[in-house]
Amino acid sequence: MSASNQQTLFNKIINWAAIAFLVYLVLVAVGTVSGGFKLASGGSAGAKEIFSFATNPFVALLLGALATALVQSSSTVTSVIVGLVAGGLPIGIAIPMVMGANIGTTITNTLVSIGHIRSKEEFQRAFSASTVHDFFNLLAVLIFLPLEIMFGFLEKIASSLAHLFVGDADLSLKSYNFIKPLVKPAVGLVKDAVSFLDGKAVGIAMVVIGIFMILFAVTTLGKLLKQALVGKAKDLLHGAIGRGPIAGITSGAAVTIMVQSSSTTTSLMIPLAGSGVFTTRQIYPFTLGANIGTTITALLAATSITGPAAQVALTIALVHVMFNVFAVALIYGIPLLREIPLQLADKLAKIGAENKPAALGYVLGSFFVLPGLIMFAVR
């Protein structure tokens with residue numbers, strides 16, 4: 001083996017070792033958020049009091065959207081939500097927050113489309129391909145949030161499934177889950193590091209540290225996975241788009257699982273749309289697959305929770321999965337509903353191409369200004 005090949009092999013081993021460490025760090029971070037939230041809130045009763053401002057599902061939805069838009073990662077936000085639910089955050093508040101994270105995550109590919117703003121034709125194609133994701137997720141929330149508020153069907157189904165996997169608290173994953181023994185010492189180190197603080201401040205510090213750990217781990221993990229797999233991901237993307245909706249949705253989910261980031265997956269498509277290689281209609285199914293694939297991170301985060309909180313943590317992760325799967329099945333499965341995001345994206349793209357400040361205003365207003373103002377007013 002030549003020296004260059006040996007160096008390449010060594011670099012790959014280091015890269016994959018770093019990926020394994022970051023996956024472990026995500027688990028530790030979620031455990032830290034969960035443990036810190038329990039200490040800070042004084043249990044589930046305290047958690048309800050802390051989040052009393054978000055008992056309105058609409059406010060919880062906007063909170064999830066705004067948080068995701070700010071950190072540009074639904075994986076980070078949903079991982080934090082899993083930890084908070086395990087720490088006592090009521091699941092009725094968490095579900096709209098997860099739905100909001102789906103809305104907020106679409107900002108990344110919309111920002112990528114702004115890169116084509118110098119060419120009117122390119123920008124119109126790219127902006128249409130990016131905002132179809134926005135409108136699909138908005139339509140999904142408009143349909144499923146009212147149904148969830150009225151009937152709670154996502155929570156009920158997810159809870160039943162979680163019970164099958166986890167069982168009762170005394171029959172939880174604790175007896176055969178190898179994650180907890182791996183995670184507990186590291187969580188203990190974080191707790192010891194802030195033990196000089198008084199009372200609930202220890203818990204608050206753990207939550208803050210855990211959130212930063214998740215943000216760092218998920219962001220870095222996405223970069224390393226992109227470096228390790230982006231060539232394969234691009235090949236899969238090019239081979240799947242245009243082969244039909246089933247291939248597009250499946251491949252979108254697969255690529256997103258590979259790179260652990262729906263933002264990365266959807267952003268890969270925008271230059272293809274801007275250059276005219278693919279149309280918005282061809283890219284549309286791939287985008288929906290990315291919605292499904294991104295739910296793997298919350299499921300991964302839920303595996304770090306054991307004991308009585310294991311079932312509720314897995315429940316919110318499964319809600320995220322089912323929300324996206326059901327939305328794709330319903331909206332894309334019904335031709336009338338399927339066309340709505342496409343038509344709205346095309347109309348907005350035409351307006352944005354003619355009036356570029358309006359396009360920038362849409363991005364800032366929809367993802368930051370409007371959610372922030374509404375949350376402040378409702379609160």
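Analyst: A quick word on terms before we zoom in: helices here are DSSP runs of H or I with at least four residues, strands are runs of E with at least two, and both are numbered from the N terminus. Counted that way, the chain has 17 helices and zero strands. Keep in mind that this is a predicted model.

Of its 379 residues, 53% are buried. Take the contacts between residues at least 6 apart in sequence: 82% of them join residues at least 24 apart. The accessible surface comes to about 16500 Å², with 69% of that belonging to carbon and sulfur atoms.

Now for the core itself. The largest nonpolar core holds 69 residues, and the ones with the most contacts inside it are Ile-81, Met-99, Phe-127, Tyr-284 and Ile-316. Helix α15 (residues 310-333) gives this core its largest share, 13 residues. Another core, of 18 residues, lies apart from it, with Leu-25, Val-26, Ala-186 and Ala-217 among its members. As a general point, nonpolar side chains in soluble globular proteins tend to be buried together.

Let's stay with α15 for a moment. Because 18 of its 24 residues are buried, α15 is largely enclosed by the rest of the structure. Its length checks out too: at 1.5 Å a residue, the 24 residues should span 34 Å, and the end C-alpha atoms of α15 are 33 Å apart, which agrees.

Helix α5 (residues 91-104) can be read the same way. Its 14 residues should span 20 Å at 1.5 Å a residue, and its end C-alpha atoms are 20 Å apart, so the two values agree. Helix α5 is also mostly covered, with 13 of its 14 residues buried.

Next, pick out Phe-127, one of the residues with the most contacts inside the core. Phe-127 sits in helix α7. Its relative accessible area is 0%, so Phe-127 is buried. What does Phe-127 touch, leaving aside neighbours within four places in sequence? The list is Thr-110, Ser-113, Ile-114, Leu-348, Ala-349, Ala-359 and Tyr-362. One of those, Leu-348, is 221 residues from Phe-127 in sequence, yet their C-alpha atoms are 8.1 Å apart in space.

Helix α7 turns up again in a charged pair. The structure holds two salt bridges. In one of them, Lys-120 pairs with Glu-354, their closest N and O atoms being 2.6 Å apart. This pair links distant parts of the chain, as Lys-120 is in helix α7 (residues 120-151) and Glu-354 is in helix α16 (residues 335-354), 234 residues apart. Are these two buried or exposed? Lys-120 is partly exposed, with a relative accessible area of 34%, while Glu-354 is exposed at 58%.

The other salt bridge joins Glu-339 and Arg-281, with closest N and O atoms 2.9 Å apart. Glu-339 lies in helix α16 and Arg-281 in helix α13, so this pair ties together parts that are 58 residues apart in sequence. Glu-339 has 22% relative accessibility and counts as partly exposed, and Arg-281, at 47%, counts as partly exposed as well. In general, side chains of opposite charge can pair when their charged atoms come close.

That brings us to helix α13 (residues 280-293), where Thr-280 is found. Residues under 20% relative accessible area count as buried, so Thr-280, at 11%, is buried. Beyond its neighbours within four places in sequence, Thr-280 is in contact with Arg-125, Ser-128, Ala-129, Val-132 and Leu-342. Tyr-284, another residue on the core's most-contacts list, touches Val-132, Phe-136, Ile-331, Tyr-332, Arg-338, Pro-341 and Leu-342, not counting residues up to four places away.

Thr-76 is found in helix α4 (residues 74-86), and with a relative accessible area of 3% Thr-76 is buried. The C-alpha atoms of Thr-76 and Ala-301 are separated by 9.9 Å, although the two residues are 225 apart along the chain.

Ile-157, Leu-161, Leu-164 and Phe-165 make a nonpolar surface patch of about 400 Å². Leu-161 is found in helix α8 (residues 153-166) and counts as partly exposed, at 31% relative accessibility.

Note on methods:
Residues numbered from 1 in each chain as written. Predicted model: local features only at pLDDT ≥ 70, side-chain atom pairs only at ≥ 80, totals over all residues. Heavy atoms only, no water. Buried < 20%, exposed > 50% of the residue type's maximum accessible area, 1.4 Å probe, protein only. Contact = heavy atoms within 4.5 Å. Areas by Shrake-Rupley, 256 points an atom, 1.4 Å probe, with all protein chains shown as cover. Core = buried A, V, L, I, M, F, W, Y, C linked by side-chain atoms within 4.5 Å. Patch = residues over 30% accessible without salt bridge, like charges linked within 9 Å, V, L, I, M, F, W, Y side chains within 5 Å. Salt bridge = Lys/Arg side-chain N within 4 Å of Asp/Glu carboxyl O. Expected span 1.5 Å × (residues − 1).
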